[in-house]
Amino acid sequence: MERIDTKSFDKKIRALIDDINEKRRYGDPGLARRYEQLIKFAGEKNDSRALGMAYYFMAEHDYERNGRTGKFQDYLSQAITYQQEAEDYAMLTYSYRFLGKDVMFHGHPELAYDYYRTAREYALKSEKRIDLEALSAYNIGQVYMQMGEHEEALLSFDEALTKIESDGEESPHYHMLKV
């Protein structure tokens, strides 16, 4: 995930998210504690957008450590609830892509397709986030490949490439999709 824009957050929440962004890059072992702090601070401010991010981070963190046996589904469910409340379409895109990746990995491409389509719908609602539209098209292409629908996959990959090229090299996902 690219660096998160924190300008609209409360000063205390912004500082914590900036710290989390930096530490996520290096896999800091104290991240879970920071996520819990973010949940506490965001809860005190009744900040649904920050709560949605915090629970998303917790879901990722738990999944990386425990897979499906942990509490990632509970965290992700809470994240989605707050993200919907805040109308945070970018984070909703990430959350549904996360669900799609999980079920795809566990052999359920049809369900992954549904999650990726939902992610794409949120990406389309997300202002100025062509990169998220491109990622969603790419993920849908992966599902088509898995299901042996190669022509549909190529169309989705072509759509992803067209979108990411229109977004330019500054796009957070340009080099990943351009390969």
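1. Does Glu127 count as buried or exposed? At 69% relative accessibility, Glu127 counts as exposed, where exposed means over 50% relative accessible area, buried means under 20%, and partly exposed is in between, with a 1.4 Å probe and protein chains only. Glu127 sits in the loop between α6 and α7, and its C-alpha atom is separated by 8.4 Å from that of Tyr89, although the two are 38 residues apart along the chain.

2. A word on the basis of these notes: this is a predicted model, in which local features need pLDDT of at least 70 and side-chain atom pairs count only at pLDDT 80 or more, while totals for chains, interfaces and linings use all residues. Residues are numbered from 1 along each chain as its sequence is written, and side-chain values use heavy atoms, with hydrogens and water left out.

3. As to the overall make-up, the chain has 9 helices and 0 strands, these elements being DSSP runs numbered from the N terminus (H or I of at least four residues for helices, E of at least two for strands). Of the 179 residues in the chain, 47% are buried. Taking contacts (heavy atoms within 4.5 Å) between residues at least 6 apart in sequence, 49% join residues at least 24 apart.

4. The interior deserves attention next. A nonpolar core is a set of buried Ala, Val, Leu, Ile, Met, Phe, Trp, Tyr and Cys residues joined through side-chain atoms within 4.5 Å, and the largest one here has 38 residues, with Ile13, Leu38, Tyr56 and Leu76 having the most contacts inside it. At least two residues of this core come from each of α1 (11–24), α2 (31–45), α3 (48–66), α4 (72–86), α5 (89–105), α6 (109–125) and α7 (130–146), and the largest share, 10 residues, is supplied by α3. Another core, of 8 residues, lies apart from the largest one and includes Tyr116, Ile140, Val143 and Tyr144. In soluble globular proteins, nonpolar side chains tend to be buried together.

5. How do α3 and α5 meet, and at what angle do their axes cross? The axes, which are lines fitted to C-alpha atoms (for helices over the stretch in contact, with angles from 0 to 180 degrees between N-to-C directions), come within 10 Å and cross at roughly 20°. The two helices are therefore roughly parallel to each other, given that angles under 35 degrees count as roughly parallel, over 145 as roughly antiparallel, 65 to 115 as roughly perpendicular and the rest as oblique. Their crossing is left-handed, a term for the near helix being turned anticlockwise from the far one by less than a right angle, with clockwise giving right-handed. In this contact Met53, Tyr56, Ala59, Glu60 and Tyr63 of α3 meet Met91, Tyr94, Ser95, Phe98 and Asp102 of α5. By class, the contact has 7 nonpolar, 1 polar and 2 charged residues, where Ala, Val, Leu, Ile, Met, Phe, Trp, Tyr, Cys and Pro count as nonpolar, Asp, Glu, Lys and Arg as charged, and the others, Gly among them, as polar.

6. Asp102 lies in helix α5 and is buried, with a relative accessible area of 3%. Leaving aside residues up to four places away in sequence, Asp102 touches Tyr63, Arg68 and Phe72.

7. The pair α6 and α7 packs at an angle of about 165°, with axes 9 Å apart, and that makes α6 roughly antiparallel to α7. The crossing of α6 with α7 is left-handed, and the contact has 11 nonpolar, 3 polar and 3 charged residues. Leu124, one of the α6 residues that meet α7, is exposed, with a relative accessible area of 52%. The C-alpha atoms of Leu124 and Tyr89 are separated by 8.5 Å, at 35 residues apart along the chain.

8. Most residues other than glycine have a negative phi. Asn46, in the loop between α2 and α3, has a positive phi of about 55° although it is not a glycine, and at 62% relative accessibility Asn46 counts as exposed. Glu87, in the loop between α4 and α5, likewise has a positive phi, near 55°, and is exposed, with a relative accessible area of 52%.
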